[in-house]
Amino acid sequence: MAREIDPKDTTRVAAYELWMSAPNPMVTFFKTLDVTNLIRISQKRNLKFNMLLDYCIGKAAAGIKEFYILPVGQKMMQYETIAVNTIVKNKNGEVSSCDILYTDDLNRFNLDYLKYTHQTAQTARDRDLSADSMVIGTSAIVDTEIDGAVGMNSGIFNNPFIIWGRYRKKGFRYQLPISFQFHHTQMDGAHAGRFLETLQNEISTLK
């Protein structure tokens, strides 16, 4: 469940005062990930690459307390759980949004991913968990390689967001440039940097 909290009761009170009324409070980092291990696991276990990456994103975020709070409107909300959003091509040839609750159990996460992305594709209805979980948005632009992308500041959707394109083969390794956008009220650059380093570690050590 999500609940409203007083920013003064958090470590983000100074950021709240500085950035909640800023014209553009969103910050974007770019990083190239080594996803060789995910490619190998995907091929060996017949698992979807994007599912594995979504799982690692959730796992990296789960250990950073700033991911459990989020500015929503002018409120600061506290969450107990994290979900990862994925974009699904639906039966109408358009795209729908599907939130998957993060769980540390990879097999459980995979089953949920397959179940709910299939359901979303068939119904063409978004699956939204934002009322109960802090949702990390993702978008995979698989039609091309991209070096990064800068999202928009809508003033409504303040959730962290990760975008990537096709991965690239460099010798015997696979690389994936990503962009990570976050609201400065939610976290500082140091928190975002730690998340990206943790994400790379989760990708490299996943078994």
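How many residues lie between β5 and β6 in their hairpin, and which residue in the turn has a positive phi? Five residues separate the two strands, and G93 in the turn has a positive phi of about 80°.

This is a predicted model, in which local features need pLDDT of at least 70 and side-chain atom pairs count only at pLDDT 80 or more, while totals for chains, interfaces and linings use all residues. Residues are numbered from 1 along each chain as its sequence is written, and side-chain values use heavy atoms, without hydrogens and water.

Helices (H or I, at least four residues) and strands (E, at least two) are DSSP runs, numbered from the N terminus. Two strands pair if DSSP finds at least two bridges between them.

An open sheet of three strands runs in the order β1-β4-β3, with antiparallel pairing.

The axes (lines fitted to C-alpha atoms over the stretch in contact, with angles from 0 to 180 degrees between N-to-C directions) of helix α3 (residues 49-62) and helix α4 (residues 106-123) come within 10 Å and cross at roughly 125°. That angle makes α3 oblique to α4, since angles under 35 degrees count as roughly parallel, over 145 as roughly antiparallel, 65 to 115 as roughly perpendicular and the rest as oblique. In contact (heavy atoms within 4.5 Å), N50, M51, L52, D54 and Y55 of α3 meet L106, F109, N110 and Y113 of α4.
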